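Please keep the sequence and the coordinates in view while reading.

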Amino acid sequence: MSIPQPHRHLISRFTSNFCSTHSNFSDSSLHCMPGMAILKSSSIDSDASGTTTSFLPNDVDLGGDLLAEIIRRLPLDSVARSRAVSRNWRAAISDGYLRRRLPLHMSMICFPDNDDPFGGGGSASLPLFACATEGRRLEERDIGFFPLHDRSVVCDACNGLLLCRAPGTRDFYVVSPVTRTWAALPRPAKDASLSVLAFDPFGTSPQQHYHVINFTGWRDRGAAVEVFSSETRAWTAHEVDFGGVPAGSLSGASVHCHDGAAYFLASDPDCAVRMDLAAGAGLACTVVALPEPSDGHGRLAHCGSRLHYVCSDGELLKVWALEDVQRWRLKHAVRVGGDIVEGGGGEVRFLAMHPEKSAVVYLWSPWKLVEYDLSKRELTGVAWEFAKGARNRVVKTWLVPSSCYLSDCFADAPAGGAMI
């Protein structure tokens, strides 16, 4: 998009004022129209003489494209805090029109690398939540705002949200490190052997909601399940049939969420089990056979509205796209050995697929994450580095538009259970 010179001056002025004073709002008004978010006026502060300083003159309307250009230049933390100004601001920044135009932000769960990154009991074994910065660095996010962070364990994470539980209890919490918000869930009726968080910021719902799926008892080809919905703020119990797939073959470590459904990889038979989380669906499950065995290295992902299956034998990375109900098409088969990442130590692993570009994937090496174009068979030059000298084992990675982080999924939480 080409920005006219007068608008560039306006953008520069607004951005500069916003970044220097965004924590001192006195009155602001953002109005949303279908397909467009318009900034009407933004009075933010008053000096000693009583003169009000504004971002923009009164009666200046900004179209959605221009507003998106302004917001995309602001630091993510500043945009996150601006949602607390008013409901109009929150609605405008979360508006789908802007969401499609804002840059993607990388975030992840990782463990500092040691001999046993998932155990040992030391502080190095604790998972870290990291976000990409403008300088292409991966920096740890402090979750000290969550008062129970030192007394809870992270049981799952999904698209920027963390699911935490107090050990030995049924007390669950959902935490957003980027927006620095959290919510305490009501206690479920039963203990869970597996807890899964499902949150899709790309969903079609105007207001984004998350689900927590607790598996409380296993059946031969199903399970007893309790599901919490942030929309209803309540748990509901279900008996789930996995569509003939043995319960023991489901992988709780390879769960993918998209548009109101959770997808589980399974082996024996090799398939994907789709669980419908929509209200009234009763957690109905459908089964899709995989094009080839996962061998523990397969991943499910969505690009646009199409389901993809990604598998690798350590050298050859294959990407399959689901063309219809049971037919897969091989889109890419590319060798991505450890030598493609400089300083990678010969170790490279697939992490994620770009949510909009099916040829673009993200690969992990101990010191960095890189973006790779499967069609061109080359690195794009985009990379995020860990702190100098630090090795990390990344276990989950997401790229979502920044406004999707600023979802309203905590809007209905009790006043004492969510903090901004």
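A residue is termed buried under 20% relative accessible area, exposed over 50%, and partly exposed in between, with a 1.4 Å probe and protein chains only. The model is a predicted one, in which local features need pLDDT of at least 70 and side-chain atom pairs count only at pLDDT 80 or more, while totals for chains, interfaces and linings use all residues. Residues are numbered from 1 along each chain as its sequence is written, and side-chain values use heavy atoms, with hydrogens and water left out.

The aromatic residues come first. Rings of Phe, Tyr and Trp (its six-membered ring) pair if their centres lie within 6.5 Å; planes under 30 degrees apart count as stacked, over 60 as edge-to-face and the rest as tilted. The structure holds nine aromatic pairs. One of them joins F228 and W235 in a tilted arrangement, with 5.5 Å from centre to centre and 50° between the planes. Both partners are buried: F228 has a relative accessibility of 0%, and W235 has a relative accessible area of 15%. Ring pairs also bring F172 and Y210 into a cluster with F228 and W235.

Another ring is approached by a charge. A charge sits over a ring if NZ of Lys or CZ of Arg is within 6 Å of the ring centre and within 35 degrees of the ring normal. The charged end of R349 is placed in this way over W364, 5.0 Å from the centre of the ring.

As for the cysteines, a disulfide is a pair of cysteine sulfur atoms within 2.5 Å, and the structure holds zero of them. For C158, the nearest cysteine sulfur belongs to C257 and is 3.9 Å away. C158 is buried at 7% relative accessible area, and C285 is buried at 17%.

Strands (E, at least two residues) and helices (H or I, at least four) are DSSP runs, numbered from the N terminus. The loop between strand 15 (234-241) and strand 16 (250-258) contains A247, which is buried at 9% relative accessibility. A247 and R221 are 26 residues apart in sequence, yet their C-alpha atoms are 4.9 Å apart in space. Beyond neighbours within four places in sequence, the contacts of A247 (heavy atoms within 4.5 Å) include W218, D220 and F242.

S249 lies in the loop between strand 15 and strand 16 and is buried at 12%. The side chain of S249 reaches the backbone oxygen of P246 at 2.8 Å, and a polar atom of that side chain lies 3.1 Å from the backbone oxygen of S267.

Note on methods. Polar contact = N/O pair within 3.5 Å; in protein donor to acceptor, adjacent residues only side chain to side chain.
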